[in-house]
Amino acid sequence: MRSMLLTAASAAALCAGGPAFAQAAAGGDTAQIEEVVVTATRRAGRLQEAPLSVTAFTAATIERQGLTGVVDIARRTPGFQYGEFGDVKLSPTSLRGIVGSAGSAGADPAVGYYVDEVFVGQGAGAVVDLYDIARVEVLRGPQGTLFGRNTIGGVISITTEKPSDEFKASATLQASNYDGRRIGASISGALVEGVVSGKLSAIYDVRDGTSRNVFLDRRVNDRDIFSARGQLAFDLGADTDLLVTADYQRVRQEPLMFETLKYNPAATATQLLTGMGLPLNTDPYDYRVLGDAVSQEKLDARGIAATFNTKFGDVKVTSISAYRNHSYSSRTDTDRTTLAIAYDGDPERVSRLSQELRFDLTTGPVDWLTGAYFYRQHSENLSFIEVGRDLAAVLGAPGLAGVRTGSNGDLRTTSLAGFVSATWHVTDRLEVTAGGRYTRDRKKIRYTQSDPLGLLGGDADIRAKDDWGQFTPSLNAKFKITPDIMVYATANKGFKSGGFNDALGDADGIAFDPETLWNYEAGLKAEFLDRRLIVNAAAYYMDWSSIQIAQDDPRTPIFDPTILNGGAAHSQGVEVETTFRPTALLTLGANFSVQEAEYDGGALPDGTPLRDIPFAPNYTASFYAEQKIEVGDWEVSLLPEYVRRGRTYLTPNNDPDGRVSPYGLWNLRASVGPAGGPWRLTAWGKNLGDKVYKTRLFDSFNQDLVGQKFIILGEPRTYGLELRVDF
């Protein structure tokens, strides 16, 4: 690890690049890199002035690099890994090796997603397309003081484009292989001049499947997502404004058709297949799968939020009120064979209500930010497994066909928190910030289970409740060596409360305890050559205790991951991001990170020792170059890109079958349009080398009913044309 850290530190002096594209500075040097404004500290300020590790993607970056979702952000952010499972519920988010324990809404995420400062959770509740997005900020490390729901790994903060006073509109039309279509439009302008402006945007992203179910002769693992957002911005005076937002997401797709990596010859499904001479999946890397039923995934999610800003004297007051709910359902072929053995699903219904009140004021050399936060969530996790007709026939009980073993984890969470942060401007060059948040979470569950087949120890009806409180302090200091070079150091704590297992499984041991994490970090942010070169770097060490780990319960004959506390772990590493613009027409970019994320002892329920944390590549890197070419009144842009991930494990037990070797992906975008004009035509390609790599290992090898190890593959080569028009 030490040699890797030294390598990364050396790379800081050699790499050039970063996520923010350069734009001409008004009235200044056109080769300067654009100023990026972030709100990572809950106040708007320059990215280079923020004393924490944050990667920011502006609207220009998102549009020019063709970023459409979280997976695109993850590939270009140091230490960020996204699961790429293909569904909207289960894909895990990992920052610096800190990863959540389960996909259920009842389990608090390790990394929190926020849209316009409203907590939207993770998984099915956090479906956000990046069309018409003003900025994405990735905050690495625990955000235990300033953000409402404590998240120990970090925050993905998404800021939407707000309504404009002047008429503005845009449209995008994209066609790609796999019969892909991406159609979006946005319109904004004043409804009552000087009083209220409005905005409406929508995007529809649909694509045929990248795999073929050879038994059903249809493409599977497709995408079908529609998102819409409406906003009203009210100007209520010199210091008072109100923004009201409503949004809707709709998903109708067929994901999670796995490749079979291995069959257990002693398992029921394998013996039936071989005994009847039925086909097996002999090549797990050919995007050809088996299954007797179509997978189904449906989501309807809605939200409404109101952000009110005003001032009382010198005190700025911000109120953020929000309500969100979603209904999610799924059903898929459990065994992924041509036999009707079993089916499973993981539906959920979730509602979230939140209220934040903040006060921002200055007294002498000290800036204060204080407030309170209220959060209430009601989730119902409705897991089931369903008997297929072929299994029922083998059991000699055809009446069992369609019978379900199911559960309902009805979980209610109430959270109250108060926080304060004070920044003391000691001198013009030195600032010290101290803060803290006290959080009290209360949860209660009614867990009911219907087990007519006796797979999980029988029926259950359990009621339980508990509450947990934690103070999470933070201390930060930043020092300007010169006006263009700043160093900082920080120590802060993150907290994730305990909870209850709310998914299908043996009801014994339903509760788990809280987990906490301390982060220690030192960083550098520097500008050189009149802001043509930017170098940002950070070194960190995280100490993680009472980790919540999800692992299959070995006592039951079906796959039913249970969350337990698994001891301690650490994560340490170095991250480097640089941007270099040698001329007004050439931008070079790179980021790089190395990390060591390991458990400090402990074992899984089956006795397997814990070692490497899953979904934590030992290094990440990305490189790009954007070359603009001016031809008369036209502008041509070429943007090749290379992203790379180091060795990664996909399971907590570090199963060798879930080891992903280092791999890289080549992408390319070529655009043409009038210089400074209203439209741009882009030809693009992703994973141009058609690299095949694993993104998930789903282990049911020792489960008698299924007896297989399944894998999900990353997306193959995709390419297309995109037309973007701005009015």
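The model is predicted: local features need pLDDT of at least 70, side-chain atom pairs count only at pLDDT 80 or more, and totals for chains, interfaces and linings use all residues. Residues are numbered from 1 along each chain as its sequence is written, and side-chain values use heavy atoms, with hydrogens and water left out. The protein chain comprises five helices and 46 strands, where helices (H or I, at least four residues) and strands (E, at least two) are DSSP runs numbered from the N terminus.

**Overall dimensions**

- The radius of gyration of the protein chain is 26 Å, which agrees with the value near 27 Å that a compact globule of 727 residues would have; this radius is taken over C-alpha atoms, and the globule rule is 2.2 Å times the number of residues to the power 0.38.
- The C-alpha trace spans about 80 × 60 × 60 Å along its principal axes.
- Buried residues make up 58% of the 727 in the protein chain, with buried meaning under 20% relative accessible area (1.4 Å probe, protein chains only).

**Strand pairing**

- Strands β18, β45 and β44 form, in that order, an open sheet with antiparallel pairing; two strands pair if DSSP finds at least two bridges between them.
- The edge strands of this sheet, each pairing on one side only, are β18 (259-263) and β44 (694-700).
- From one strand to the next, the twist averages 25 degrees, with axes fitted as lines to C-alpha atoms and angles running from 0 to 180 degrees between N-to-C directions.
- β18 and β45 (residues 708-713) run antiparallel and are joined by four bridges; T260 stands opposite F710 in β45.
- Elsewhere, β29 (residues 485-496) pairs with β32 (residues 515-528) in the antiparallel sense over 12 bridges, and M486 has K525 in β32 as its bridge partner.
- β32 is also joined to β33 (residues 533-545) by 13 bridges, again antiparallel, and T516 has S545 in β33 as its bridge partner.
- The hairpin of β32 and β33 has four residues between the strands, and L529 takes a positive phi near 55 degrees there.

**Second largest pocket**

- The second largest pocket holds about 1,000 Å³ of space. On a 1 Å grid over the protein atoms alone, a pocket is an open set of points with protein on both sides within 12 Å along at least five of seven lines, and lining residues have an atom within 4 Å of a point.
- Its lining comprises 45 residues, of which A59, A60, E63, R724 and D726 are the closest to its centre.
- The elements that each supply at least two lining residues include α2 (59-65), β11 (168-176) and β46 (718-726), and α2 gives the largest share, five residues.
- The lining of this pocket has 18 nonpolar, 11 polar and 16 charged residues; Ala, Val, Leu, Ile, Met, Phe, Trp, Tyr, Cys and Pro count as nonpolar, Asp, Glu, Lys and Arg as charged, and the others, Gly among them, as polar.

**Cavities**

- The whole structure contains 16 cavities of 30 Å³ or more, a cavity being a set of grid points where a 1.4 Å probe fits but cannot get out.
- The volume of the second largest cavity is about 320 Å³; a volume is the space filled by probe spheres set on the points, which are joined across faces, edges and corners.
- This cavity is lined by 27 residues, and V115, R229, T245, D247 and Q249 lie nearest its centre.
- Among the elements giving two or more residues to this lining are β8 (118-121), β16 (223-237) and β17 (240-253).
- By class, the lining of the second largest cavity has 15 nonpolar, seven polar and five charged residues.

Notes. Buried means under 20% relative accessible area, exposed over 50%, partly exposed in between (1.4 Å probe, protein chains only).
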